[in-house]
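Hi everyone, thanks for coming. I'd like to walk you through one model today, so let's bring it up on the screen.

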Amino acid sequence: MARLAATTAAAFVEAFLEPADSEDEVAERFATHAEQLAPAIDPVLRAAYKQHLAESVRRGMLSPADREAGEAGGAQEITVCFVDMVGFTRLGAEIEARELGSLASKLAELATEVTEPPV
């Protein structure tokens, strides 16, 4: 999904960015085109998902032992954590991308330091 969104945004830039556009004009134009594109892309995404799901099933995700036991032996329980940092978007508009990336890397490093296995 991220690759599709990045590709779409890049295509928008190529097709719709005009010389001397203000930031507001670009945002408005991109939002309008994205809103128009969303209904058209929905069936494509649904079809792609169904194909990927069918392929996963076709590859045989479960062994005979898994089916016999009634559970997937190779399954691993995981926990995912998301952080919403107040002011991060605003900060991103005020500092260089490299500096923002360094800050994000430092935050990830700090998060890694405070976690304990089996994280």
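**Salt bridges, rings and a charged patch**

Let's begin with Arg29, which counts as buried because its relative accessibility is 19%; here buried means under 20% relative accessible area, exposed over 50%, and partly exposed in between, with a 1.4 Å probe and protein chains only. Before going on, please keep in mind that this is a predicted model: local features need pLDDT of at least 70, side-chain atom pairs count only at pLDDT 80 or more, and totals for chains, interfaces and linings use all residues. Residues are numbered from 1 along each chain as its sequence is written, and side-chain values use heavy atoms, leaving out hydrogens and water.

So what does Arg29 pair with? Asp21 forms a salt bridge with Arg29, and their closest N and O atoms are 2.6 Å apart. By salt bridge I mean a side-chain nitrogen of Lys or Arg within 4 Å of a carboxyl oxygen of Asp or Glu. Glu18 joins Asp21 and Arg29 in a network of these bridges, and the count for the model comes to 5 salt bridges.

Another of them links Arg46 with Asp42, at 3.1 Å between the closest N and O atoms. These two are 4 residues apart in helix H2, so about one helical turn separates them; helices are DSSP runs of H or I with at least four residues, and they are numbered from the N terminus. Asp42 is partly exposed, at 35% relative accessibility. Glu94 and Arg90 also form a salt bridge, with 3.6 Å between the closest N and O atoms, and both Glu94 and Arg90 are exposed.

Now for the rings. How many aromatic pairs does the structure hold? There are 2. The ring centres of Phe12 and Phe16 are 5.8 Å apart and the planes are at 70°, so this pair is edge-to-face. The rule is that rings of Phe, Tyr and Trp (its six-membered ring) pair if their centres lie within 6.5 Å; planes under 30 degrees apart are stacked, over 60 edge-to-face, and the rest tilted. Phe12 is buried, at 12% relative accessible area. Phe12 also pairs edge-to-face with Phe30, at 5.8 Å centre to centre and 65° between the planes. That pair links distant parts of the chain, with Phe12 in helix H1 and Phe30 in helix H2, 18 residues apart.

One backbone detail to finish: Ala20, in the loop between H1 and H2, has a positive phi near 65° although Ala20 is not a glycine. Ala20 is exposed, at 82% relative accessibility.
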